[in-house]
Amino acid sequence: MKKLFPSYVRVPVIFAFVLVALEYFIDSGDKPAFVKYPMVALFLGVFLFLLVAIEIVVSAVDKVTYHLLTDEQKQKLEEAQSVSFTESKFYQTWMSKLTRSTAIEQEADVMLDHDYDGIRELDNVLPPWWVKLFYITIIFGVIYLVRFHMFGGDNQEQEFKHEVELAEAELLNSKSASPKEVITADQVTLLNDKESLAKGQEIFKNVCVACHGPQGGGVVGPNLTDEFWLNGGGIKNVFKVIHDGSPRNPTMAAWGKTLDSKDVQKVASYVLSLQGTKPAGGKPAEGDKWTEEAAPTADAAKPADSTATAK
């Protein structure tokens with residue numbers, strides 16, 4: 001049987017179509033789906049194998065069937081296969097329906113009386129597809145006119161503004177439904193759980209190592225592992241310095257502008273966990289020695305969580 005496209009064209013086209021469909025419907029982020037998900041790559045491999053196997057089987061069946069034909073049937077088959085696609089009955093039937101053109105033998109029936117220097121004109125009908133498309137544009141134009149010019153429908157600019165307003169309203173609702181917790185220096189507490197300290201260590205490596213070293217021993221910035229502090233120790237003071245920056249050192253950035261207050265709390269807790277580690281090559285002590293006070297008694301006039309002792 002004569003095929004419109006050879007197998008070496010069909011197989012790559014079908015495989016490419018399936019591959020594109022998988023990439024479209026599977027959310028794999030910035031990586032191709034067959035790279036991120038091994039099962040997708042396995043499926044594509046099996047699918048390609050089946051495509052090739054089907055082509056081989058069909059080709060074998062065609063050859064066997066051809067050898068079972070008689071000489072007369074083989075001759076008829078060869079004659080049918082020698083006909084080009086444009087000369088096939090299928091093509092001729094569809095072109096006749098689409099164009100409604102008059103056969104050359106019947107042109108005399110649609111010949112006009114006008115004669116221009118021996119050139120005669122045919123009165124062929126318009127192609128049905130063109131006529132139907134023309135009617136569709138008229139219907140579309142009427143609907144467009146009624147909707148947007150008579151009933152005041154939203155144009156593209158108005159629709160865009162409405163969509164933006166809806167998106168902003170949804171964003172406000174989501175924020176109000178789950179308000180973001182903000183921690184201040186007065187509310188902050190020291191965290192000791194492994195998960196929080198691990199997160200604090202991760203942030204420390206990303207933003208603090210350049211000035212304080214990978215182990216907190218100090219490079220440009222001061223040593224964070226001893227008892228001496230330039231802006232006071234304790235969770236509240238360390239949190240405040242990380243969040244707002246250091247008044248005594250302008251190179252200390254205010255990370256509260258880029259970090260969430262919870263993340264600042266985790267970094268501050270991790271920094272305090274470095275106390276007493278004494279890394280090799282640590283800088284000499286700077287600032288004042290900090291000593292944490294005991295918890296205030298019930299009759300204390302004013303609670304205080306810490307105090308500074310002169311160096």
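The crossing of helices α1 and α3 is right-handed in this predicted model. Helix α1 covers residues 7-25, and helix α3 covers residues 38-68. Two packed helices are described by the angle between their axes and the distance between the axes. Here the axes come within 10 Å and cross at roughly 155°. That angle makes α1 roughly antiparallel to α3, because angles over 145 degrees count as roughly antiparallel.

Now look at the side chains in this contact. From α1 come Ser7, Arg10, Val11, Ile14, Phe15, Val18, Leu19 and Leu22. They meet Val40, Phe43, Leu44, Phe47, Leu48, Leu51 and Glu55 in α3. By type, the contact residues divide into 12 nonpolar, one polar and two charged.

Next, turn to the largest nonpolar core. This core has 21 residues. Which of them touch the most other members? They are Trp229, Val238 and Val271. Three helices, α8 (194-207), α10 (234-244) and α11 (261-273), each supply at least two residues of the core. The largest share comes from α11, with six residues.

Trp229 deserves a look of its own. Leaving aside residues up to four places away in sequence, Trp229 touches Leu224, Val238, Val271, Leu272, Gln275, Glu286, Gly287, Asp288 and Trp290.

How values were computed. Residues are numbered from 1 along each chain as its sequence is written. This is a predicted model: local features need pLDDT of at least 70, side-chain atom pairs count only at pLDDT 80 or more; totals for chains, interfaces and linings use all residues. Side-chain values use heavy atoms; hydrogens and water are left out. Axes are lines fitted to C-alpha atoms, for helices over the stretch in contact, and angles run from 0 to 180 degrees between N-to-C directions. Helices (H or I, at least four residues) and strands (E, at least two) are DSSP runs, numbered from the N terminus. Angles under 35 degrees count as roughly parallel, over 145 as roughly antiparallel, 65 to 115 as roughly perpendicular and the rest as oblique. A crossing is left-handed if the near helix is turned anticlockwise from the far one by less than a right angle, and right-handed if clockwise. Contact means heavy atoms within 4.5 Å. Ala, Val, Leu, Ile, Met, Phe, Trp, Tyr, Cys and Pro count as nonpolar, Asp, Glu, Lys and Arg as charged, and the others, Gly among them, as polar. A nonpolar core is a set of buried Ala, Val, Leu, Ile, Met, Phe, Trp, Tyr and Cys residues joined through side-chain atoms within 4.5 Å. Buried means under 20% relative accessible area, exposed over 50%, partly exposed in between (1.4 Å probe, protein chains only).
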